[in-house]
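Let's take a walk through this fold, starting with a sheet and ending with the cores. Have the viewer open as you read.

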Amino acid sequence: MTAIETGRVVAVVGTGTMGQGIAQVALVAGHPVRLHDAMPGRAAEAATALLARLDRLVEKGRLGPAERDAARARLRPATHLSELADAGLVVEAVLEDLTVKRALFAALEDIVGDDCVLATNTSSLSVTAVAGGLRRPGRGVGLHFFNPAPLLPLVEVVGGFATDPRVAQDAYDTVLAWGKTPVRSEDTPGFIVNRIARPFYAEALRVYEEGGADAATIDAVLRESGGFRMGPFALTDLIGQDVNESVTRSVWEAFSYDQKFTPSLAQRRLVESGRLGRKSGRGWFPYGEDAEAPAAPHTAAPEAAPASVSVHGDLFSASVLPELIAEAGIDVVREDDAEPDHPGWIELPGGTRLFLADGSAADNADLPVIHFDLALDYRAATRIALAPASRVDEASLAHAVGLFQALGKDVSVIADVPGMIVSRTVAMLVDFALDARARGVATGEAVDTAMRLGVNYPRGPIEWGADLGARWVLTALELLHDEYPTGRYAPSQALRRLAAALEDDAS
């Protein structure tokens with residue numbers, strides 16, 4: 001272990017929510033902690049607030065009184081930067097502005113010792129650029145904590161272009177000693193989480209902008225079918241619409257305005273209107289004691305299930321559905337008329353076919369088709385989305401709704417949006433993850449760990465992609481690319497190579 005000794009001072013510059021959280025983590029881990037803020041009096045206020053949180057931890061039984069008292073003695077606000085001279089590690093959590101951060105690092109370098117590590121908690125700026133003005137840029141490293149820092153385990157340890165490998169190792173081991181889960185990332189826009197997570201927000205916003213479904217319904221489908229802890233609209237309200245939009249815009253600009261990262265006009269308008277989410281009392285949804293109840297997701301009225309259905313071919317990730325249908329008391333007739341390696345379907349009595357959403361529009365078929373969305377686990381899912389083609393009659397749609405209701409699912413009928421909601425989101429997340437791994441941003445294990453712990457995804461995207469199959473993901477994105485030939489959905493070379501390699505292994 002090369003963790004910074006607990007006897008060494010850890011200094012935190014910037015005492016907002018994130019700065020206080022990082023300071024709490026270091027303090028509870030046993031370090032003397034110095035708090036500094038450029039705003040007079042702010043560091044002392046932050047120290048008082050931090051000590052109050054320690055008192056609450058004692059009340060909840062999560063911290064012993066003796067530990068609290070020892071931590072209290074180790075905490076000190078610092079009026080001037082010069083009071084940080086004995087620090088072994090300084091973590092800056094100031095304004096997300098490159099000029100401000102570079103100036104702070106330059107000032108710190110004139111104060112601290114040569115062995116002091118200077119860490120930036122930036123979420124979207126280049127660590128290389130932040131440390132680039134240092135006389136010894138090798139001492140600069142990224143330590144990207146997630147809010148709230150005391151609770152969320154993930155820390156991205158980001159090595160800049162000039163970061164000394166020993167400094168990165170020391171930072172990694174220190175975070176590990178603090179009880180966190182560090183993952184290594186190269187210094188690329190958004191690092192791991194903020195790079196790979198963009199489609200989770202972007203695809204939901206795209207479906208909304210296309211009139212596919214309202215915000216409440218999209219959130220419900222991603223939660224109750226996709227297995228995500230929160231929907232993207234509620235989550236961006238929690239993060240702050242301005243913060244989320246700013247990160248999206250920063251990553252987009254850093255990737256030279258790549259279509260895959262294009263920000264949402266709908267979200268920009270929300271920010272411009274001052275509807276920033278929970279902190280302003282309204283975002284996509286209303287908040288506060290006097291707020292009206294948020295809109296409920298669209299849920300279809302009860303319908304009768306068909307007495308029987310026929311299943312044709314392989315349903316791939318939805319292969320459990322025939323079993324669930326039979327368990328619900330509906331007769332299931334198996335047919336072997338589907339082409340091998342082609343999507344199978346469930347056929348209703350009137351001839352309408354139910355296909356797993358694959359990136360195409362249901363209206364592209366020359367017969368009545370209803371797409372159903374991807375689920376993390378069809379047995380556990382409590383909601384399923386359906387997207388009918390325009391030629392589907394009301395009776396057939398009612399049968400489809402009733403079929404899934406018989407399985408104990410709420411049903412949301414949405415517009416015929418290519419790829420629907422969960423399917424297109426997961427396909428993009430998998431592709432972004434594979435691309436990041438192939439480009440050396442992080443290992444596949446680090447990617448999956450980061451996405452599970454940093455943003456509470458139900459599965460790591462690389463593991464999820466392996467379960468779905470690279471061919472399924474590739475086909476979904478190719479079909480989406482046909483529908484939207486802008487480059488946004490063009491599959492990465494990493495995904496193409498993986499699908500080809502797996503096909504070669506199978507042949």
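**Sheet, helices, cores**

Seven strands line up as an open sheet in the order E10-E9-E11-E12-E13-E14-E15, with mixed pairing; strands (E, at least two residues) and helices (H or I, at least four) are DSSP runs numbered from the N terminus, and two strands pair if DSSP finds at least two bridges between them. Strand E10 (331-335) and strand E15 (410-413) sit at the edges with a single partner strand each, so one side of each has no neighbour in the sheet. This is a predicted model: local features need pLDDT of at least 70, side-chain atom pairs count only at pLDDT 80 or more, and totals for chains, interfaces and linings use all residues. Residues are numbered from 1 along each chain as its sequence is written, and side-chain values use heavy atoms, leaving out hydrogens and water.

Val309 has Val332 of E10 as its bridge partner. Helix H9 (residues 215-224) packs on the sheet, touching strand E14 (383-388) and E15; contact means heavy atoms within 4.5 Å.

Now for the cores, meaning sets of buried (under 20% relative accessible area, 1.4 Å probe, protein chains only) Ala, Val, Leu, Ile, Met, Phe, Trp, Tyr and Cys residues joined through side-chain atoms within 4.5 Å. The largest nonpolar core has 105 residues, and Leu321, Phe372 and Tyr378 have the most contacts inside it. Helix H15 (residues 422-438) supplies the largest share of this core, ten residues. A second, separate core of 36 residues includes Val25, Ala46, Leu63 and Leu143.

Note on methods: Buried means under 20% relative accessible area, exposed over 50%, partly exposed in between (1.4 Å probe, protein chains only). Axes are lines fitted to C-alpha atoms, for helices over the stretch in contact, and angles run from 0 to 180 degrees between N-to-C directions.
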